[in-house]
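Here is a walk through one protein chain.

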Amino acid sequence: MSAPVTATAAPPTGNPLAVDEGVKPTIPLLLGIFVAHVVIWIGLIRLLPGDDRVSFEFLGDQSTPWVRQFIIPLLVVLAFQAAVITKLGWWKSVMRDPVRTDRKWLWVFPVVLIVLALLTFASEGAQDAGSGYLVSVLTTTMLVGITEEMTFRGIMLVGARRLFDREWRAVVFSGALFGLFHLPNILVGAPAGPTVLQVFQTAIIGTAIYALRRTSGALVLCMLLHGVYDYLVLQGNWDKVASALL
């Protein structure tokens, strides 16, 4: 068994997972980063030129202009996140936990999440499409996993750990924002009722991904789990479950 990584500084809040690194976080700072992520993501989806944009209900169809509608906006978001983390000086604490939990039962949550995604995929399997389409879908879902985890299990969680004296409060804060992040899907055509339900679902699912961070200590694995989950769900039954994507 590998030895856990130790924290580099005494946490000012009493949370043993808080690391005193770089710029000191504040609630307005974290909420500002959250809003900026939403505005960049939703804004570029709606504003990039092109008359072939698909509505939310047809997300994943073979006519989806993946590069223009999703990949380019996601790359812009990723560049924004890299600039923010560099400015804050939080790279070390964002990418790895200072200590890993010894509660091995927490592995149950990410395992259940991926099993559910595999069952969805097994219901229909991948669409009968060319390799270019499948690569575009995989690129998109992996970028979704990378960018959303960078913000929510990365920046938001790390910042909240230094603001709240209990880890569960940091988890609730970052998880609630993760759920609310999906509310603006209404602006790109998602129906209001299912979207509100999705807010609660994704907040809960985010806790399963958080469990992977605590057991593995690595944000990269959270990104991978998130991206694979979205890919399997999108390909397994896209016309019925697109609204359930993280």
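This is a predicted model. Leaving aside neighbours within four places in sequence, Ile155 is in contact with Leu30, Ile33, Val84, Ile85, Trp90, Val94 and Met150.

Now step back to the whole chain. Its secondary structure comes to 8 helices and 0 strands. Read from the N terminus, the elements run α-α-α-α-α-α-α-α. Of the 246 residues, 49% are buried. Take the contacts with a separation of 6 or more: 81% of them join residues 24 or more positions apart.

Return to the core. The largest nonpolar core holds 51 residues. Which members touch the most others? They are Trp41, Trp90, Val94, Ile155 and Met156. Helices H1 (27–47), H2 (66–88), H4 (108–124), H5 (131–163), H6 (167–180), H7 (192–216) and H8 (219–241) each give two or more residues to this core. H5 supplies the largest share, 11 residues.

H2 has 23 residues, which at 1.5 Å a residue should span 33 Å; its end C-alpha atoms lie 31 Å apart, so the two values agree. For H7, 25 residues should span 36 Å, and the end C-alpha atoms are 36 Å apart, so the values agree here too. What follows each helix? Just after H2, glycine 89 takes a positive phi of about 75°. Just after H7, glycine 217 takes a positive phi of about 80°.

An α-helix has 3.6 residues a turn, so residues three or four places apart point the same way.

Finally, the surface. The chain exposes about 11200 Å² of accessible surface, and 70% of that belongs to carbon and sulfur atoms. One nonpolar patch is formed by Trp105, Trp107, Val108, Phe109, Val111, Val112, Val115, Leu116 and Leu119. Together these residues have about 850 Å² of accessible area. Look at valine 108, which is found in helix H4. Is this residue buried, exposed or partly exposed? Val108 has a relative accessible area of 46%, so it counts as partly exposed, because that class lies between under 20% for buried and over 50% for exposed.

Note on methods: Residues numbered from 1 in each chain as written. Predicted model: local features only at pLDDT ≥ 70, side-chain atom pairs only at ≥ 80, totals over all residues. Heavy atoms only, no water. Core = buried A, V, L, I, M, F, W, Y, C linked by side-chain atoms within 4.5 Å. Buried < 20%, exposed > 50% of the residue type's maximum accessible area, 1.4 Å probe, protein only. Helix = DSSP H or I, 4+ residues; strand = E, 2+ residues; numbered from the N terminus. Contact = heavy atoms within 4.5 Å. Expected span 1.5 Å × (residues − 1). Patch = residues over 30% accessible without salt bridge, like charges linked within 9 Å, V, L, I, M, F, W, Y side chains within 5 Å. Areas by Shrake-Rupley, 256 points an atom, 1.4 Å probe, with all protein chains shown as cover. Salt bridge = Lys/Arg side-chain N within 4 Å of Asp/Glu carboxyl O.
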